[in-house]
Amino acid sequence: MRHVSLWKSDVCRYCISLLEGIFCISAGSLCIALLLLTSSIPAQVLIWLMHILWGVSAFFTARRAGLHGRRHGIQTGFLCSLLLCMLLFTGGMLLHEPLTKRFFIRCLLMFPAGIAGGIIGVNTRLRKPPY
(Lines give C-alpha, C1' and ligand atoms only; values in the text may rest on other atoms or scores of the structure.)
Protein backbone atom coordinates (compact mmCIF):
# COMPACT_ATOMS: atom_id res chain seq x y z
CA MET A 1 0.00 0.00 0.00
CA ARG A 2 1.32 3.43 -0.96
CA HIS A 3 1.94 6.08 1.60
CA VAL A 4 0.02 9.22 0.64
CA SER A 5 1.62 12.49 1.69
CA LEU A 6 0.50 16.05 1.15
CA TRP A 7 4.14 17.14 0.86
CA LYS A 8 4.54 15.33 -2.48
CA SER A 9 2.11 17.69 -4.22
CA ASP A 10 3.64 21.01 -5.24
CA VAL A 11 0.51 23.02 -4.44
CA CYS A 12 0.02 21.41 -1.01
CA ARG A 13 3.73 21.78 -0.20
CA TYR A 14 3.60 25.54 -0.84
CA CYS A 15 0.28 25.97 0.98
CA ILE A 16 1.42 24.10 4.09
CA SER A 17 4.71 26.01 4.08
CA LEU A 18 2.79 29.27 3.72
CA LEU A 19 0.74 28.33 6.78
CA GLU A 20 3.99 27.91 8.70
CA GLY A 21 5.06 31.37 7.54
CA ILE A 22 1.74 32.87 8.63
CA PHE A 23 2.14 31.23 12.03
CA CYS A 24 5.67 32.67 12.29
CA ILE A 25 4.37 36.15 11.45
CA SER A 26 1.52 35.84 13.96
CA ALA A 27 3.73 34.64 16.80
CA GLY A 28 6.38 37.25 16.08
CA SER A 29 3.79 40.02 15.87
CA LEU A 30 2.43 39.04 19.27
CA CYS A 31 5.95 39.16 20.71
CA ILE A 32 6.54 42.58 19.19
CA ALA A 33 3.18 43.78 20.55
CA LEU A 34 4.16 42.59 24.04
CA LEU A 35 7.48 44.37 23.63
CA LEU A 36 5.61 47.53 22.68
CA LEU A 37 3.38 47.25 25.75
CA THR A 38 6.18 46.65 28.23
CA SER A 39 8.77 49.14 27.01
CA SER A 40 9.08 52.46 25.26
CA ILE A 41 10.78 51.58 22.00
CA PRO A 42 10.88 54.16 19.20
CA ALA A 43 8.51 53.59 16.29
CA GLN A 44 11.35 53.30 13.77
CA VAL A 45 12.81 50.33 15.69
CA LEU A 46 9.43 48.59 15.70
CA ILE A 47 9.09 49.11 11.96
CA TRP A 48 12.48 47.49 11.37
CA LEU A 49 11.57 44.64 13.71
CA MET A 50 8.52 43.98 11.54
CA HIS A 51 10.69 44.08 8.39
CA ILE A 52 13.02 41.52 9.94
CA LEU A 53 10.06 39.40 11.05
CA TRP A 54 8.68 39.21 7.50
CA GLY A 55 12.15 38.26 6.24
CA VAL A 56 12.53 35.51 8.85
CA SER A 57 9.06 34.24 7.98
CA ALA A 58 10.01 34.07 4.28
CA PHE A 59 13.18 32.19 5.21
CA PHE A 60 11.34 29.54 7.25
CA THR A 61 8.56 29.20 4.69
CA ALA A 62 11.01 28.58 1.86
CA ARG A 63 13.20 26.33 4.01
CA ARG A 64 10.24 24.07 4.80
CA ALA A 65 9.12 23.91 1.17
CA GLY A 66 12.70 23.27 0.00
CA LEU A 67 13.21 20.59 2.62
CA HIS A 68 10.24 18.63 1.32
CA GLY A 69 10.69 19.47 -2.37
CA ARG A 70 14.41 18.58 -2.46
CA ARG A 71 15.04 20.40 -5.78
CA HIS A 72 14.95 23.90 -7.32
CA GLY A 73 15.88 25.81 -4.16
CA ILE A 74 16.06 29.24 -5.79
CA GLN A 75 12.71 28.79 -7.50
CA THR A 76 11.12 27.45 -4.32
CA GLY A 77 12.41 30.37 -2.26
CA PHE A 78 11.29 32.90 -4.85
CA LEU A 79 7.78 31.41 -5.02
CA CYS A 80 7.41 31.31 -1.24
CA SER A 81 8.54 34.94 -0.98
CA LEU A 82 6.17 35.90 -3.77
CA LEU A 83 3.28 34.20 -1.95
CA LEU A 84 4.10 36.13 1.23
CA CYS A 85 4.35 39.39 -0.75
CA MET A 86 0.94 38.69 -2.25
CA LEU A 87 -0.39 38.00 1.26
CA LEU A 88 1.07 41.30 2.48
CA PHE A 89 -0.32 43.19 -0.51
CA THR A 90 -3.78 41.62 -0.15
CA GLY A 91 -3.88 42.43 3.56
CA GLY A 92 -2.91 46.02 2.85
CA MET A 93 -5.60 46.35 0.19
CA LEU A 94 -8.26 44.85 2.48
CA LEU A 95 -7.32 47.31 5.23
CA HIS A 96 -7.19 50.21 2.72
CA GLU A 97 -3.54 50.93 3.48
CA PRO A 98 -1.65 53.01 0.92
CA LEU A 99 1.37 51.49 -0.78
CA THR A 100 4.35 53.05 0.94
CA LYS A 101 8.07 52.60 0.95
CA ARG A 102 7.71 50.10 3.81
CA PHE A 103 5.88 47.61 1.59
CA PHE A 104 8.67 47.62 -0.96
CA ILE A 105 11.39 47.37 1.72
CA ARG A 106 9.67 44.31 3.18
CA CYS A 107 9.39 42.71 -0.25
CA LEU A 108 13.05 43.46 -0.99
CA LEU A 109 14.04 41.84 2.31
CA MET A 110 11.76 38.84 1.81
CA PHE A 111 13.10 37.78 -1.60
CA PRO A 112 16.76 37.22 -0.61
CA ALA A 113 15.70 35.62 2.68
CA GLY A 114 13.28 33.29 0.90
CA ILE A 115 15.83 32.32 -1.74
CA ALA A 116 18.39 31.59 0.97
CA GLY A 117 15.83 29.52 2.86
CA GLY A 118 14.96 27.53 -0.25
CA ILE A 119 18.60 26.78 -0.99
CA ILE A 120 19.29 25.77 2.61
CA GLY A 121 16.15 23.61 2.71
CA VAL A 122 17.11 21.75 -0.46
CA ASN A 123 20.70 21.20 0.68
CA THR A 124 19.88 20.12 4.24
CA ARG A 125 21.23 16.67 4.95
CA LEU A 126 18.43 14.32 5.99
CA ARG A 127 18.77 11.67 8.67
CA LYS A 128 15.60 9.97 7.47
CA PRO A 129 13.27 10.62 4.51
CA PRO A 130 10.73 13.39 5.20
CA TYR A 131 7.79 11.06 4.37
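User: Let me start with a single side chain: is Met50 buried or exposed?

Analyst: Happy to start there. The model is predicted, and the way to read burial is by relative accessible area, with under 20% counting as buried. Met50 has a relative accessible area of 19%, so Met50 is buried. You will find Met50 in helix H2.

User: Which residues is Met50 in contact with, leaving aside neighbours within four places in sequence?

Analyst: With those neighbours set aside, Met50 contacts Ser29, Ile32 and Arg106. Look for Ser29 and Ile32 in the structure above, then for Arg106, to see this set around Met50.

User: Let me step back to the whole chain. How many helices and strands does the chain have?

Analyst: The chain has 4 helices and 0 strands, which gives the pattern α-α-α-α when you read along the sequence. The C-alpha atoms fill a box of roughly 55 × 30 × 25 Å along the principal axes. Of the 131 residues, 37% count as buried.

User: How do I read contacts at the level of the chain, and what share comes from residues 24 or more positions apart?

Analyst: Take the contacts with a sequence separation of 6 or more, and ask how many of them join residues 24 or more positions apart; here that share is 77%.

User: Now for helix packing. At what angle do H1 and H3 pack?

Analyst: For a pair of helices, look at the angle, the distance between the axes and the handedness. H1 (residues 10-38) and H3 (residues 73-94) pack at about 55 degrees, and their axes are 11 Å apart. H1 and H3 are therefore oblique to each other. H1 passes H3 in a right-handed crossing.

User: Which residues meet where H1 contacts H3?

Analyst: From H1 come Tyr14, Leu18, Ile22 and Ile25, and from H3 come Thr76, Leu79, Cys80, Leu83, Leu84 and Leu87. By class, this contact has 9 nonpolar residues, 1 polar residue and no charged ones.

User: How do the axes of H2 and H3 cross?

Analyst: The axes of H2 (residues 43-69) and H3 cross at roughly 135 degrees and come within 8 Å. H2 and H3 are therefore oblique to each other, and their crossing is right-handed. On the H2 side, the contact uses Trp54, Ser57, Ala58, Thr61, Ala62, Ala65 and Gly66. On the H3 side, the residues are Thr76, Gly77, Cys80, Ser81, Leu84 and Leu88. The contact of H2 with H3 divides into 7 nonpolar and 6 polar residues, with no charged ones.

User: Which residues have the most contacts inside the largest nonpolar core?

Analyst: Those are Trp54, Leu84, Cys107 and Met110, in a core of 15 residues. H1, H2, H3 and helix H4 (101-123) each give two or more residues to this core. H2 gives the most, with 5 residues.

User: What does Leu84 touch, not counting residues up to four places away in sequence?

Analyst: Leu84 touches Leu18, Ile25, Trp54, Ser57, Ala58, Thr61 and Met110. Leu84 is also among the H3 residues that meet H1, and it takes part in the contact of H2 with H3.

Technical notes:
Residues numbered from 1 in each chain as written. Predicted model: local features only at pLDDT ≥ 70, side-chain atom pairs only at ≥ 80, totals over all residues. Heavy atoms only, no water. Axes fitted to C-alpha atoms, helices over the stretch in contact; angles between N-to-C directions. Parallel < 35°, antiparallel > 145°, perpendicular 65-115°, else oblique. Left-handed = near helix turned anticlockwise from the far one by under 90°. Contact = heavy atoms within 4.5 Å. Nonpolar A, V, L, I, M, F, W, Y, C, P; charged D, E, K, R; others polar. Core = buried A, V, L, I, M, F, W, Y, C linked by side-chain atoms within 4.5 Å. Buried < 20%, exposed > 50% of the residue type's maximum accessible area, 1.4 Å probe, protein only.
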